[in-house]
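Subject: The structure we talked about

Hi,

Here is the structure I promised to pass on. Have it open while you read, and I'll walk you through what turned up.

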Amino acid sequence: RDFAMHTPRAAHMKVGDFDFTLLTIHLTFGGGNTGESARELLNILDWTKRYLAQPGADPDVIITGDFNMPTAKGRTKPGWSIEDVLAKHSGSGSADPSGSAVAPGDFVALVDAPTSRNRDGNPVNNYDHFLMTGDAYNEEYAKSSAGVVPNEFMRAIEQRHGVLVADHLPISAGFYTSGASNDGNAITADGDSACRVLLSMAPLK
């Protein structure tokens, strides 16, 4: 497909008082050519920019999945990084600023550790990430919580059942869903209007 090899999915979700728009993606591997992954991510960022520009869109956007591309910190060989794509798209965007605020409309890239696994089940490439807008990062994200589920957990399950569970390690991140956010203000839902905005958007495909 011109847009993406694997169709991205978008949904508006609510957990407690925290609501957000979630995009799940699987960028093309392109035979290891990160330029193809970068092209697809640029298209997704264009779509996200159009979404955020709509009245009623939820400013808390989280993009997650298999990017087949590392962060700048996670890069071990030549090619595009997530930050390279963010800079090309908007001239901004960064790796985890370790507590510093991110501009509301910019994206921050999280998870720098290897996540894909070789045939022996060992982590080798930094491919799976969270991208989130500054709104979500500054307010609801639990700082330093994003990371990779330890390979030892996967190994224990695989040894118990005698099967390779997955060729990637799961990643996780924590968020505050009620009470005060990181900026001290109360966490409140942005409303159901984001659902209507999503339905009005041209589909991701």
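How many residues lie between β1 and β2 in their hairpin, and which residue in the turn has a positive phi? Two residues separate the strands, and Gly 16 is the one in the turn with a positive phi, about 60 degrees. Before we go on, keep in mind that this is a predicted model.

The hairpin
Strand β1 covers residues 9-15 and β2 covers residues 18-26, and the two pair in the antiparallel sense over seven bridges.

Ile 25 counts as buried because its relative accessibility is 6%, and the cut-off for buried is under 20%. Setting aside neighbours within four places in sequence, Ile 25 is in contact with Pro 8, Ile 44 and a run of others: Ile 63, Thr 64, Gly 65, Asp 66 and Phe 67.

Helix α1
This helix takes in residues 34-52. With 19 residues at 1.5 Å a residue, α1 should span 27 Å, and its end C-alpha atoms are 26 Å apart, so the two values agree. At the start of α1, Asn 33 has a side-chain oxygen within 2.9 Å of the backbone nitrogen of Gly 35. The buried residues of α1 include Ile 44, Leu 45 and Trp 47; Ile 44 is also one of the contacts of Ile 25.

Strands β5 and β8
In a regular strand, side chains alternate between the two faces of the sheet. You can follow that in β5 (residues 107-110): Phe 107 and Ala 109 point one way, Val 108 and Leu 110 the other, and all are buried. β5 runs antiparallel to β8 (residues 128-133), and four bridges join them. Ala 109 stands opposite Leu 131 of β8.

Helix α4
Which residues of α4 (residues 151-161) are buried? They are Asn 151, Met 154 and Glu 158. Seen down the axis of α4, these buried residues fall within an arc of 60 degrees, so they line one face of the helix. β6 and β7 are among the elements that cover them. On the face turned away, α4 carries the exposed residues Glu 152, Phe 153, Gln 159 and Arg 160. Just after the helix comes Gly 162, with a positive phi of about 70 degrees.

Cheers

How values were computed. Residues numbered from 1 in each chain as written. Predicted model: local features only at pLDDT ≥ 70, side-chain atom pairs only at ≥ 80, totals over all residues. Heavy atoms only, no water. Expected span 1.5 Å × (residues − 1). Buried < 20%, exposed > 50% of the residue type's maximum accessible area, 1.4 Å probe, protein only. Polar contact = N/O pair within 3.5 Å; in protein donor to acceptor, adjacent residues only side chain to side chain. Pairing = 2+ DSSP bridges. Arc of directions from axis to C-beta. Contact = heavy atoms within 4.5 Å.
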